[in-house]
Amino acid sequence: MPTHHDVLDRFARIHTGPPPFDDGRAAATVERYFGQETSREVGALSRVPGETDANYKFTIGTSQYLLKVSHAADDERIALQQKVLRHLHACDLPFGLPRVVDTAEGDHYLRVKAGSGDLIVRVLTWLPGHPLGPIEVPAAELLDDIGSAAGALAASLDQVDLGAAPSLTSHWDLDTGLAVLDTYRDQLPGQSALLTRALEITDAALSAAGPLPQALIHNDLNVFNLLATTSTHRTRVSGIIDFGDMQITSRINDLAILIASVCRSGTNFVPNAARIAAAYHHRRPLTATEIDVLFPLVLLRTATVLVTTTQLARTDPRHRRTIRPEHLDDLASKDPLVVTAAFRNACGFPRAHDIDRAARWIAESTHRFVPIVDGPVRVTDHSVRSTHFDGVDPLDTTALTAADTGRDVGCSDTAATIGRYREPHFTRGGPRTHAADRNDIILALQVQAQASTEILAPIAGHARASADGVLIIDHTPAGAPVWTRYCGLVDTPTGAVDAGTRIGRTTGPATPVLAQLLTVDPDTVDVPWFCSSTDIGVLEHFAPDASALLGPDHTARPWSARLPDSLARRAAHLPRTHPTYFEEPLDMVRAHGCWFFDENGNRYLDALNNVTLLGHCHPRLTAAAARQLGRLQTNSRFVYDALTDYTDALVDTLPGGLDVVYMLNSGSEANDLALRMARHVTGRDDIVVIEDAYHGYTSVVSDVSPARYKHYGKPETTHAVPNPDRYRGTYGYDDPDAGTKYAREVIAEFDRLIAGGRPPAAFIYEALLAGGGQVVLPANYLAPIHAAARERGILTIADEVQVGFGRLGSAFWGFQTQGPQVVPDFVTMGKSMGNGFPVAAMVTTRAHSRRFDETGRFFSTYGGNPTACVVAHEVLNVLAEEGLQENADTTGEYLRQALRELGQRHPLIGDVRGQGFYSGVEFVLDSATKQHASTETLTICNRLKDNGVLVYPTGPHWNILKIKPPLTFTADDADFFVDALDGVLTRGW
């Protein structure tokens with residue numbers, strides 16, 4: 001190990017700093033370097049930071065360069081840099097590197113006088129791009145690219161023909177990092193104990209590892225020497241700079257330096273660092289020994305940066321401390337064996353020998369285990385699927401815990417209940433976020449039993465109590481390379497225990513006993529009882545399946561997700577065209593209010609599902625449905641009050657004259673019936689629609705839905721008019737007469753068809769175009785169309801299936817947002833009408849209804865059934881009593897304003913539009929050309945899902961977020977949504 005004197009001597013090099021060199025001399029030096037003919041082309045010089053060099057950026061014509069002025073003592077280091085850069089440029093690396101620029105005389109550098117000595121001056125090309133430094137938490141794809149770039153560089157550096165090995169040393173050499181810590185730790189009294197711990201961890205690991213592979217390395221792969229370029233939120237490594245610290249040292253040091261810098265925020269440190277290591281390993285394979293010392297070296301690098309920058313900042317204002325002591329503390333608190341296991345797992349290395357031996361012993365010895373519970377046991381469910389959580393508000397953690405611990409254990413039988421290994425406990429759930437480290441997956445069995453139930457030793461061993469009262473049994477004395485651990489027992493023994501003897505008693509079902517099987521001594525490795533989904537793949541090596549503790553005859557199995565099987569069965573029995581949301585679908589189990597819960601207990605904000613108008617599982621609706629189902633459920637050819645009570649209430653929400661209600665089951669049926677009736681009443685067949693619209697799935701309705709018939713051809717009776725899209729259309733937001741002008745195009749189509757002998761039967765529209773791209777109709781659009789339609793005998797159909805029932809905020813029905821003079825002949829509704837219960841309706845005038853009577857009786861078996869009517873009626877009541885229409889108006893605008901502000905920071909957001917709780921965010925690749933960012937929009941939706949928000953693309957090009965949450969959506973929900981979107985766009989992909 002270097003002496004303290006060696007450390008101080010190496011520190012002096014960086015403490016001395018760059019040589020003195022002013023701007024005027026720099027300009028003259030550039031002129032000399034390139035020759036007189038370039039002097040007129042040289043642009044202004046600007047000083048850029050450097051630890052030991054004086055650096056100047058300048059231009060000649062359109063080319064950019066970096067002038068570097070170094071101490072003459074660095075001549076060997078500079079010669080190495082020049083040689084290496086020339087070699088690397090021949091290696092076809094997937095990123096840029098500075099090029100060496102020769103002088104006008106063909107030399108690699110100049111020597112200039114400085115006082116009594118010389119300085120060395122050289123020029124490199126300037127690399128475009130921005131440092132990765134400002135990116136606190138890189139996206140997963142960028143982490144992969146960072147690791148891959150570093151691995152590619154390392155592989156190319158291996159090929160450099162060095163000749164005689166350079167004798168360079170550096171303060172930053174991690175091979176001498178222990179000496180640096182030992183020298184400076186006492187000079188930081190507030191962090192002395194922390195630095196000592198870092199020193200001890202690293203010293204132990206390096207001593208155990210022995211000699212490490214040596215190589216020429218960059219030695220300063222930090223986030224300010226990695227350059228990147230970003231295009232539509234896709235950030236990738238574009239260059240690597242600053243080769244001034246290169247030297248021959250332990251090859252793994254470069255990766256440790258890289259991880260310490262890139263993962264400095266501490267967020268998701270282990271998975272992010274493991275991801276970088278895996279990508280590096282793919283390009284430049286590591287040895288198992290290198291993997292085993294990687295985390296200690298990351299710790300060492302973090303500690304040496306902390307002490308060094310602290311020392312520099314004390315005497316030199318150019319420097320500041322770049323590492324927070326809290327970050328080092330966080331790293332030092334991690335278990336090196338667990339982190340190393342994560343690195344091994346990511347890079348495809350086998351488990352450590354002792355752990356692998358224990359795992360094999362368990363697999364071969366399950367017949368030796370005595371059940372820890374002597375008596376009957378039954379498996380119970382603690383996941384989100386458990387029936388114990390039915391009827392409990394899943395957002396109320398206190399109520400969930402009470403439901404979970406208040407199970408009827410022992411009330412009707414003497415059986416103990418067993419909670420499964422790896423089960424995600426719903427009581428420990430929460431929102432899924434980017435930085436989630438929610439520990440809800442149990443790494444043990446959970447036993448609930450009557451008080452004084454005996455728990456038995458599964459194998460002979462030696463019992464001891466930990467500091468926190470947990471019982472630990474070391475089974476290695478009995479030849480079993482495992483340990484077991486128990487929490488929640490009383491009357492526990494110490495010393496030798498035989499298999500099947502009592503090791504404690506339970507205190508009752510309210511205090512569960514946790515029983516864990518371990519492949520490591522828990523005093524050596526701190527294995528938790530619960531972990532996150534991110535950590536389970538590693539921690540299960542240390543705490544494997546504890547089901548063996550129930551004995552060889554028990555059939556208990558670890559918890560496993562049902563999603564793979566569900567997807568397989570969907571593929572087997574559902575049509576291929578039946579879609580699922582997201583690249584990685586979710587298996588939904590519960591919902592409440594504005595939140596969904598998947599089978600893992602993850603919570604997702606629902607900004608997508610406009611069916612649940614009042615929020616999921618509204619207690620008044622579930623009570624009304626259950627009550628009616630227990631009273632009467634039949635068809636509407638019988639007379640019952642629920643039907644007429646509801647139709648009376650529904651008609652009261654509509655303009656006068658719209659007073660005949662046809663009760664149906666879906667919005668598609670409602671639109672189908674309206675079209676059928678319009679064609680009968682007018683004796684015409686042709687229908688005018690708005691381009692890109694969607695009105696349903698039946699044959700009739702698909703034929704008037706451009707979003708559907710584009711897949712099979714437009715029927716000759718359907719005629720589409722332009723989408724009145726003020727972001728992309730002919731008439732924009734800046735045109736106050738846009739509505740009138742777009743309306744003229746519709747009226748012109750009426751007249752064209754009439755002139756051609758094909759007068760339309762009807763014009764069907766949504767008051768806000770959903771499938772058409774969340775397009776808000778401009779003012780004065782519908783009124784002239786309605787007037788013209790009446791004059792020409794054309795009927796109007798307002799499709800309110802998606803936008804009705806107060807969703808648009810300023811009016812109960814969408815068509816009403818266009819003014820009181822807009823009164824359609826038919827109003828269709830569905831989806832949110834029953835808050836998810838299947839119910840729909842079409843409302844028209846008595847005159848139209850009488851004409852349709854000519855076709856015979858009309859009856860829908862389930863349309864208007866008692867339960868549907870009771871639920872739909874309660875929807876109207878709740879809407880009014882809870883002020884949800886008003887909330888849609890105010891909170892919807894609050895959300896859009898926040899999204900518009902987000903658009904100022906993220907150019908991918910081209911437009912934000914909407915009314916009430918029906919909004920759209922349109923993503924574009926270029927604000928001028930408005931090129932559709934379709935791929936990016938789907939990526940954003942998938943990333944938002946991973947961050948606990950559900951939303952999905954819409955529009956003709958699938959580049960628009962459709963945001964249509966329940967009307968109970970709050971300002972806090974809006975903030976959660978916007979923060980998640982901001983995070984996704986900031987991190988990129």
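Me: What makes β13 (residues 416–419) and β16 (residues 445–448) a pair in this predicted model?
Reply: Three bridges join the two strands, which run antiparallel. Pairing takes at least two bridges, so β13 and β16 qualify. Within that pairing, G419 has Q446 of β16 as its bridge partner.

Me: OK, and where do those strands sit in the open sheet?
Reply: The sheet has eight strands in the order β12-β13-β16-β23-β20-β19-β18-β21, and the pairing is mixed.

Me: Why are β12 (377–380) and β21 (495–497) called edge strands?
Reply: Each of them pairs on one side only.

Me: Over to helix α6 (residues 192–209), where T196 lies. Why is T196 called buried?
Reply: Its relative accessible area is 19%. Buried means under 20%, so T196 gets the label.

Me: What makes the link between the side chains of T196 and R185 a polar contact?
Reply: The two side chains are joined at 3.0 Å.

Me: F812 is in the loop between β34 (795–799) and β35 (826–829). How do you know whether F812 is buried or exposed?
Reply: F812 has a relative accessible area of 16%. The cut-off is under 20%, so F812 counts as buried.

Me: Which residues is F812 in contact with, leaving aside neighbours within four places in sequence?
Reply: Among them are T653, F805, L876, L879 and Q885. As for I963, F812 is 151 residues from it in sequence and 19 Å away in space, C-alpha to C-alpha.

How values were computed: Residues numbered from 1 in each chain as written. Predicted model: local features only at pLDDT ≥ 70, side-chain atom pairs only at ≥ 80, totals over all residues. Heavy atoms only, no water. Helix = DSSP H or I, 4+ residues; strand = E, 2+ residues; numbered from the N terminus. Buried < 20%, exposed > 50% of the residue type's maximum accessible area, 1.4 Å probe, protein only. Polar contact = N/O pair within 3.5 Å; in protein donor to acceptor, adjacent residues only side chain to side chain. Contact = heavy atoms within 4.5 Å.
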